[in-house]
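My notes follow in the order I took them.

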Amino acid sequence: MSRDRRFPDEVAGPFEGPPRRFEDREGREIEIRAHDGSEREYEALAAMYDEFDPADRAQGIPPSDERRIREWLDNVFCDACLNVVAWDGDTAAGHATLVPDDDAHELAIFVLQEYQEAGIGTHLMEALLGHGVESGVEKVWLTVERWNQPAVGLYKKIGFEICDSESFEMEMAIRLTDGSDEGG
């Protein structure tokens with residue numbers, strides 16, 4: 001079912017796509033890359049999600065058991081979705097995805113607990129949105145629990161605007177392009 005979502009009129013950004021490297025607030029060298037489809041990356045992300053603290057799960061994602069984690073990864077690693085992964089060496093520290101939804105894309109982002117509050121989420125989102133721009137994505141939306149002020153603050157800093165706050169979840173949206181580059 002298509003839903004009437006409000007998106008900002010102004011284009012946000014610019015956003016630099018992957019790959020990108022930076023030192024996080026803990027002094028770790030982090031690299032963000034687009035998901036390459038390899039079995040090695042898939043297994044590293046399955047392991048990351050298996051370690052995820054249940055308290056950091058929202059709206060049922062990431063799933064909590066191995067079978068459902070793998071089903072979910074299979075869904076978000078389809079050709080229509082865009083994915084970026086934050087790496088600390090061979091360890092997956094975070095993952096963000098854009099999933100097509102009618103004429104927009106839904107964003108989901110996850111950073112492993114020991115990597116939170118180190119700046120990785122900001123870089124991960126910016127790289128994903130840059131990847132989206134490079135891939136012709138025009139509009140992106142997400143939901144966030146209204147009590148999650150660190151996440152709400154991050155999304156606002158990136159350029160997301162609140163478009164619906166009727167329930168215990170807030171919906172936020174961003175415009176990446178003005179739509180004049182149709183066919184991207």
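**Entry 1: the hairpin and strand 8**

I began with strand 7 and strand 8, which form a hairpin with four residues between them. Helices (H or I, at least four residues) and strands (E, at least two) are DSSP runs here, numbered from the N terminus. This is a predicted model, in which local features need pLDDT of at least 70 and side-chain atom pairs count only at pLDDT 80 or more, while totals for chains, interfaces and linings use all residues. Residues are numbered from 1 along each chain as its sequence is written, and side-chain values use heavy atoms, with hydrogens and water left out.

I looked up the bridges next. Strand 7 (residues 161-164) and strand 8 run antiparallel and are joined by three bridges. For E161, the bridge partner in strand 8 is A173. Strand 6 (residues 139-145) is also antiparallel to strand 8, with seven bridges between them. There L142 has M172 of strand 8 as its bridge partner.

Is strand 8 largely enclosed or open? Six of its seven residues (169-175) are buried, so strand 8 is largely enclosed by the rest of the structure. Buried means under 20% relative accessible area, exposed over 50%, and partly exposed in between (1.4 Å probe, protein chains only).

Eight strands form an open sheet in the order 1-2-3-4-5-6-8-7, with mixed pairing. Two strands pair if DSSP finds at least two bridges between them. Strand 1 (20-23) and strand 7 are the edge strands, each pairing on one side only. On average, neighbouring strands of this sheet are turned by 25° against each other, direction ignored.

Helix 1 packs on the sheet and touches strand 2 (29-34), strand 3, strand 4 and strand 5. The direction of helix 1 makes about 100° with that of strand 4. Axes are lines fitted to C-alpha atoms, for helices over the stretch in contact, and angles run from 0 to 180 degrees between N-to-C directions. Contact means heavy atoms within 4.5 Å.

I also checked strand 4 (residues 91-101) against strand 5 (residues 104-111): they run antiparallel, joined by eight bridges. V99 has E106 as its bridge partner in strand 5.

**Entry 2: C81**

I looked up C81 and found C81 in the loop between helix 2 (66-76) and strand 3 (82-88). Its relative accessible area is 8%, so C81 counts as buried. Leaving aside neighbours within four places in sequence, C81 is in contact with N75, V76, T97, L98, V99 and P100. C81 and V99 are 18 residues apart in sequence, yet 4.9 Å apart in space, C-alpha to C-alpha.

**Entry 3: helix 1 against helix 2**

Two packed helices are described by the angle between their axes and the distance between the axes. For helix 1 (residues 39-51) and helix 2, the axes come within 10 Å and cross at roughly 130°. The two helices are therefore oblique to each other; angles under 35 degrees count as roughly parallel, over 145 as roughly antiparallel, 65 to 115 as roughly perpendicular and the rest as oblique.

Which residues meet here? Y42, E43, L45, A46, Y49 and D50 in helix 1 meet I69, R70, W72, L73 and D74 in helix 2. Not counting residues up to four places away in sequence, L73 touches Y42, L45, A46 and Y49.

**Entry 4: the cores**

L73 came up again in the largest nonpolar core: of its 53 residues, L73, L107, Y155 and F160 touch the most other members. Apart from this core lies another, of five residues, among them F7, A104, W141 and C163. A nonpolar core is a set of buried Ala, Val, Leu, Ile, Met, Phe, Trp, Tyr and Cys residues joined through side-chain atoms within 4.5 Å.

**Entry 5: backbone exceptions**

Most residues other than glycine have a negative phi, and most peptide bonds are trans. I noted a cis peptide bond joining G13 and P14, with omega about 10°. The bond from P18 to P19 is cis as well, with omega near 0°.

D102, in the loop between strand 4 and strand 5, has a positive phi near 55°. At 56% relative accessibility, D102 counts as exposed. E117 has a positive phi of about 60° and is found in the loop between strand 5 and helix 3 (120-134). E117 counts as exposed at 73% relative accessibility.
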